[in-house]
Structures are given as structure tokens and as C-alpha cells.
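Okay, everyone, thanks for making time this morning.

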Amino acid sequence: SKYGVKGATVALLPMAGVMLWNSLDGSWSQIWPSASFPRVVTVQLFLVVLSVSGLAFAALLRERAATLERLSTIANHQRDLARLLEVQVERIPLGLVVLDRSGIIREWNPAAEAIFGFSARDAIGQALADRMIPVDRRHLFTRLQDESTKGDRSVRTITPAMRHDGATLQIEWNATPLRGEG
């Protein structure tokens, strides 16, 4: 039906209460004037409605428990996937640097630490271009960043980058836009 178990429970519980009240005080005839049910029949009807209400309520509770179980399974699966991704990011031999739209470093894996000589603590929250791109080459990096935010495709370029110790490296940047917050 359109309202299902919840609707049946909501409809039957008040009805059972009204039937019990009317059977106990004898006012059934005021609600249904043509009825001439003895109190025993009224109490029996009340018990039937109460039983059906109980069954509907029990079904509602089972439905809720099944829904909570499904949600718990989904949440556990998402946690497992997040852990797997975290392990992969930590172990990938390529430097992984995630920037927000402003060019601020938000993620920095151990391979990036090894390549650039900056710890994650020192790199995260810093502007990548200001920290690691030589001034005369920042326009190339800015162009890469602009192109990568325009579409859904990866953009690639090779530019010099500075390590923490001042050494200059040729770095191949592959900028892939990630959609979502920030």
C-alpha cells in the first residue's frame, strides 16, 4: 500500500485505544449508534486491532533494524576503502601533491617528501608555487593550474622545481582536477 507498515501502525494504534476506551466505559454506541455489540465483542475487536498493530509495529522495528544494518555495512565499507586509499597514497613511489583551487598544498605523501625534501608538516598549508617553483617559471605552473581546473582531463607539463636544500630538479607535473569540496 501507499503508506506501508508505518501508516498501518499509525492508523491502528489510535483506533485500538479508542476501542478500548469505549469498551470500558460503554460509550461505543455514541461512536457507532447502530451498533449493539456486547462489551465482550468490543474487547475482542480491540484485541484484534491491538494484535494487528503490534504486528505492524514489530515489522516496522524489523525494517528499521535492517536499514541500520545496511547503513552500518555501507559505513564499514567506506572506512575500509578510505584506509586502502590512504595506504596506497602512502606507499606509491610517485610524489603525490594535492592542491586546492588556490594552489595551497592539502596533501603530501612520503614520496613527495623524498623528492622535494620538505616534510608533510612543512609543506601542507603552503602555496606550492611560492615554495617550489622558480620565480621565472611560475607562469608555466600557473598556466598548468588554470588549464587543469577548466575541464575534467589531466594536464601535463615539465618545469623546474626547487628542493628544500635549494637544488633544482626537472619535475613532470600531471594535474588532474578533483571535484568536491575546496
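Let's start with the negative charge on the surface: Glu 86, Glu 90, Glu 107, Glu 113 and Asp 122 come together there as a patch. Keep in mind that what you're looking at is a predicted model. Take Glu 86 out of that group for a moment. Glu 86 sits in helix α3, and its relative accessible area is 54%. The cut-off for calling a residue exposed is over 50%, so Glu 86 counts as exposed.

Leu 68, Leu 71 and Ile 74 make it up on the surface, and together they have about 280 Å² of accessible area. Find Leu 68 on your screen: you'll see Leu 68 in helix α3. Leu 68 comes out at 42% relative accessibility, so we call it partly exposed.

Okay, next topic: pairs of opposite charge. Side chains with opposite charges can pair up when their charged atoms come close. I'll show you some of them.

Let's stay in helix α3, which covers residues 39–91. Asp 80 and Arg 83 form a salt bridge through their side chains, with N to O at 2.9 Å. These two are three residues apart, and that's about one turn of the helix. As for Asp 80, it has 43% relative accessibility, so it's partly exposed.

Now here's a pair that crosses between strands. Glu 172 and Arg 156 form a salt bridge, and their closest N and O atoms are 2.6 Å apart.

Asp 165 has 54% relative accessibility, so it counts as exposed. Arg 163 is partly exposed, and its relative accessible area is 21%.

Back in strand β3, have a look at Thr 159. Is Thr 159 buried or exposed? Its relative accessible area is 0%, so it's buried. And which residue does the Thr 159 side chain contact? That's Trp 173: a polar contact of 2.8 Å joins the two side chains.

Last stop is Asp 100. You'll find Asp 100 in the loop between β1, residues 97–99, and β2, residues 105–108. Its relative accessible area is 17%, and buried means under 20%, so Asp 100 is buried. Its side chain has a couple of contacts to show you. One goes to the backbone nitrogen of Ser 102, at 2.9 Å. Another is a polar contact of 2.8 Å between the side chains of Asp 100 and Arg 106.

Let me leave you with two places to look at again. Start at Glu 86, which is exposed and part of the negative patch. Then go over to Thr 159, which is buried and joined to Trp 173 by a polar contact. Okay, that's me done, thanks!

Conventions: Residues numbered from 1 in each chain as written. Predicted model: local features only at pLDDT ≥ 70, side-chain atom pairs only at ≥ 80, totals over all residues. Heavy atoms only, no water. Salt bridge = Lys/Arg side-chain N within 4 Å of Asp/Glu carboxyl O. Helix = DSSP H or I, 4+ residues; strand = E, 2+ residues; numbered from the N terminus. Buried < 20%, exposed > 50% of the residue type's maximum accessible area, 1.4 Å probe, protein only. Patch = residues over 30% accessible without salt bridge, like charges linked within 9 Å, V, L, I, M, F, W, Y side chains within 5 Å. Areas by Shrake-Rupley, 256 points an atom, 1.4 Å probe, with all protein chains shown as cover. Lys, Arg positive; Asp, Glu negative; His and termini not counted. Charge placed at Lys NZ, Arg CZ, Asp CG, Glu CD. Polar contact = N/O pair within 3.5 Å; in protein donor to acceptor, adjacent residues only side chain to side chain.
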